[in-house]
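Visitor: I am new to this protein. Please walk me through it.

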Amino acid sequence: MADRLGCDASTATSMIDRLEKRGLVRRVPHPTDRRVKVVQLTEEGCALRDGVIRHSAEHSPFARLDRDSRLRLHALLREVADGSPSAPAAEGHHREERG
């Protein structure tokens, strides 16, 4: 988990401890590896997560974009992140004609 969060293990443990004290997560044994604990959201944790997602979506500057605009934006952001074109040519771009 620390690797995914980009922090060291003690920082991840400290964050999980705080979330557990607030009743948002619980540690449960891994089903096949007794050395590992799995961090699960509690019911309260799920409710908080859902509220944050809903609030973020409703208050996003992108919320006013229609579906097609959001899809174009997503494709452009994916292109930037992946370094690969998402479509052969974007709509609205004009090719320079040479004569």
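Guide: Helices (H or I, at least four residues) and strands (E, at least two) are DSSP runs, numbered from the N terminus. This is a predicted model: local features need pLDDT of at least 70, side-chain atom pairs count only at pLDDT 80 or more, and totals for chains, interfaces and linings use all residues. Residues are numbered from 1 along each chain as its sequence is written, and side-chain values use heavy atoms, with hydrogens and water left out.

Visitor: In what order do the elements run from the N terminus on?

Guide: The protein has four helices and two strands. Read from the N terminus, the order is α-α-β-β-α-α.

Visitor: What percentage of the residues is buried?

Guide: Buried means under 20% relative accessible area, exposed over 50%, and partly exposed in between (1.4 Å probe, protein chains only). The protein has 99 residues, and the buried share is 10%.

Visitor: How far apart are the end C-alpha atoms of helix H4?

Guide: Helix H4 covers residues 67-82, which is 16 residues. The expected span is 1.5 Å times one less than the number of residues. For H4 that gives 22 Å, and the model agrees: the end C-alpha atoms are 22 Å apart.

Visitor: Which residue with a positive phi follows H4?

Guide: Its phi is near 75°. The residue is Gly83.

Visitor: Which residue forms a salt bridge with Glu20?

Guide: Side chains of opposite charge can pair when their charged atoms come close. A salt bridge is a side-chain nitrogen of Lys or Arg within 4 Å of a carboxyl oxygen of Asp or Glu. Here the closest N and O atoms are 2.4 Å apart, and Glu20 is partly exposed at 32% relative accessible area. The partner, partly exposed at 28%, is Arg27.

Visitor: Which residue is linked with Glu20 and Arg27 in a network of salt bridges?

Guide: A search of the whole structure finds five salt bridges. The network links Glu20 and Arg27 with Asp17.

Visitor: How many residues apart are Asp82 and Arg78?

Guide: Their side chains meet in a salt bridge, 3.9 Å from N to O. Asp82 is partly exposed at 47%, and Arg78 is partly exposed at 44%. Both lie in helix H4, about one turn of the helix from each other, so the separation in residues is four.

Visitor: Is Arg49 buried or partly exposed?

Guide: Arg49 forms a salt bridge with Asp50, the closest N and O atoms being 3.0 Å apart. With a relative accessible area of 39%, Arg49 is partly exposed.
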